[in-house]
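I opened a notebook for this structure. The entries below follow the order in which I looked things up.

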Amino acid sequence: MNLDRAVLAFAGLMTLISLALAQFVSPLWLWFTAFIGVNMLQASVTGFCPAAIVFRKLGVASGCAFK
């Protein structure tokens, strides 16, 4: 798995977890869902993604989107 796929998988997993928490725990977890969406949007514009930095430090091979 390369860095691009790892970041997309992580974002998708966090989105699904936040939606489940909103459904079963508290609707306030939807703020976390919104945060994930805003973070994905800013990463697409700026190229800066904190998750990509963490995955890179963990040794995940680089992809073409996050160099």
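I began with accessibility: buried means under 20% relative accessible area, exposed over 50%, and partly exposed in between, with a 1.4 Å probe and protein chains only. By that rule I noted Trp-29 as partly exposed, because its relative accessibility is 35%.

Two notes on the source. This is a predicted model, in which local features need pLDDT of at least 70 and side-chain atom pairs count only at pLDDT 80 or more, while totals for chains, interfaces and linings use all residues. Residues are numbered from 1 along each chain as its sequence is written, and side-chain values use heavy atoms, with hydrogens and water left out.

Entry: helix α2.
I took helices as DSSP runs (H or I, at least four residues), numbered from the N terminus. Helix α2 covers residues 30–46, 17 residues in all, and reaches 24 Å from its first C-alpha to its last. That is close to the 24 Å expected at 1.5 Å a residue, where the expected span is 1.5 Å times one less than the number of residues. Which residues of α2 are buried? I found Thr-33, Ile-36 and Ala-43. Seen down the axis of α2, its buried residues fall within an arc of 90 degrees, so they line one face of the helix; the arc is that of the directions from the helix axis to the C-beta atoms. On the other side of α2, I listed Trp-31, Phe-35, Val-38, Leu-41, Val-45 and Thr-46 as exposed. The cover over the buried residues of α2 includes α1. After α2 comes Gly-47, with a positive phi near 85 degrees.

Entry: Ser-18.
I went to α1 next and picked Ser-18, which lies in that helix. Ser-18 is buried, at a relative accessible area of 0%. Counting contact as heavy atoms within 4.5 Å, and leaving aside neighbours within four places in sequence, I found Ser-18 in contact with Trp-29, Phe-32, Thr-33 and Ile-36. The side chains of Ser-18 and Thr-33 also make a polar contact at 2.7 Å. A polar contact is a pair of N or O atoms within 3.5 Å; within protein, one must be able to donate a hydrogen and the other to accept it, and residues adjacent in sequence count only if both atoms are side-chain atoms.

Entry: aromatic rings.
Rings of Phe, Tyr and Trp (its six-membered ring) pair if their centres lie within 6.5 Å; planes under 30 degrees apart count as stacked, over 60 as edge-to-face and the rest as tilted. How many aromatic pairs does the whole structure hold? The search gave 3. Trp-29 and Phe-32 form an edge-to-face pair, 6.2 Å centre to centre with 80 degrees between the planes. Phe-32 and Phe-35 form a stacked pair, at 6.4 Å and 15 degrees. Phe-32 and Phe-35 are 3 residues apart in helix α2, so about one helical turn separates them. I recorded Trp-29, Phe-32 and Phe-35 as a cluster linked by ring pairs.

Entry: nonpolar core.
A nonpolar core is a set of buried Ala, Val, Leu, Ile, Met, Phe, Trp, Tyr and Cys residues joined through side-chain atoms within 4.5 Å. The largest one has 8 residues: Leu-3, Ala-6, Val-7, Ala-43, Cys-49, Ala-51, Ala-52 and Phe-55. Helices α1 (3–24) and α3 (50–57) each supply at least two residues of this core.
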